[in-house]
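Student: Can you walk me through this structure? I'd like to start with charges and rings, then move on to other things.

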Amino acid sequence: MNQLGIHALVWAGDLSPQSIRHVIAQTHQAGYGLVELSLHGPRIMDLALTRDLLQEHGLAVGCSRGLTFDADVSSEDPAVVARGIAMLQEGIDITQRIGGRYFGGVLYSAMAKYGHPCSPQGRRHALEALRRVADFAGERGVTLGLEVVNRYESHVLNTAAQALEFIDEAGCANLCVHLDTYHMNIEEADLATPVLACGDRLGYVHIGENHRGYLGSGHIDFTRFFDALARIGYRGTVTFESFSSSVVNEQLSNALGIWRNLWDDGMDLARHAHGFMAEGLAQAHGRARP
Ligand code: MN
């Protein structure tokens, strides 16, 4: 029904050859069809090895990242915008070279708490940059997902409505909305309306608890969310995201504020999440059938 994915930070904090072997083997063993690699952190990935291991295990791959204050396409400074564009193009290039077709995340601003609202000029810069980068991605067969995140991680796109408006203005066929239940819990009125508003412009989904730990151990209404996905006939990837201080990527964990230990055993967590999502989605798709 939906391809299930898992974020690599459940398994390892970096993408060294040794870690990538572990990440891909564990993802496969836990029953997932896709692994999402975060491009935060030092550039130590062996792209050819990664591509070969993914193929060997029959796994799809997606990449994600957020920009930084010194490489921010929503900046008013053209030099900072240019560094942001270069960072996005590098991410797209890596995605293509390891055999991926999806690159998502906070591609439209720094992934950080801003001390001020986004200026009209900053938003214009982000829009122009994403248009350019979407062309670059399109030539490489890559779709870009604009992940809608909470107010403490960006000041550009905090709701699905804002993302839809942004994508409409950009007018690029390979730009889609990426929703994440963890962020929706903070910013949206409920977990169904934004999904219905997106319809076929929803291209990627992150499933996370409100505290980013075990699914079902928090208060997110996943039944409502899965039902909304079924109602729009969503057939795309659904990726589990969870973070604990037991697996650390310095850049990403610090940007996301991962200070607490919510689990130690990644395999137990991953198997539990796979069952939770597969069952929840199957039931929702069943209920949506006439
Ligand atoms: Mn996410």
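Tutor: This is a predicted model. In it, the charged end of R212 sits over the ring of Y182, 3.7 Å from the ring centre.

Student: And R140, which ring face does that lie over?

Tutor: R140 lies over the face of F136, and the distance to the ring centre is 3.6 Å.

Student: Switching to ring-ring pairs. How many aromatic pairs turn up in the whole structure?

Tutor: A search of the whole structure gives five aromatic pairs. One of them is F222 with F226, a stacked pair with 6.1 Å centre to centre and 25° between the planes.

Student: Why does that count as stacked?

Tutor: Planes under 30 degrees apart count as stacked, and the F222 and F226 planes are at 25°.

Student: How far apart are F222 and F226 in helix α8?

Tutor: They are four residues apart in helix α8, which covers residues 222-231, so about one helical turn separates them.

Student: Is F222 buried or exposed? And what about F226, buried or exposed?

Tutor: F222 is buried, at 5% relative accessible area. F226 is buried too, with a relative accessibility of 2%.

Student: What kind of pair do F222 and F276 make?

Tutor: An edge-to-face pair, because the planes of F222 and F276 are at 85°, with the ring centres 5.3 Å apart. This pair links distant parts of the chain: F222 belongs to helix α8 and F276 to helix α10 (residues 266-288), 54 residues apart.

Student: Is F276 buried, partly exposed or exposed?

Tutor: F276 is partly exposed, with a relative accessible area of 26%.

Student: Which residues form the aromatic cluster with F222?

Tutor: F222, F225, F226 and F276 form one aromatic cluster.

Student: OK, zooming out. How many helices and strands are there?

Tutor: The protein has 10 helices and eight strands. Its radius of gyration is 18 Å, close to the 19 Å from the globule rule for 290 residues, so the protein is as compact as a globular protein of that length.

Student: What box do the C-alpha atoms fill?

Tutor: Roughly 45 × 45 × 35 Å, taken along the principal axes.

Student: What share of the residues is buried?

Tutor: Buried residues account for 57% of the 290.

Student: Last one: what about contacts between residues at least 6 apart in sequence?

Tutor: Of those contacts, 77% join residues at least 24 apart.

Methods:
Residues are numbered from 1 along each chain as its sequence is written. This is a predicted model: local features need pLDDT of at least 70, side-chain atom pairs count only at pLDDT 80 or more; totals for chains, interfaces and linings use all residues. Side-chain values use heavy atoms; hydrogens and water are left out. Rings of Phe, Tyr and Trp (its six-membered ring) pair if their centres lie within 6.5 Å; planes under 30 degrees apart count as stacked, over 60 as edge-to-face and the rest as tilted. Helices (H or I, at least four residues) and strands (E, at least two) are DSSP runs, numbered from the N terminus. Buried means under 20% relative accessible area, exposed over 50%, partly exposed in between (1.4 Å probe, protein chains only). A charge sits over a ring if NZ of Lys or CZ of Arg is within 6 Å of the ring centre and within 35 degrees of the ring normal. The radius of gyration is taken over C-alpha atoms; the globule rule is 2.2 Å times the number of residues to the power 0.38. Contact means heavy atoms within 4.5 Å.
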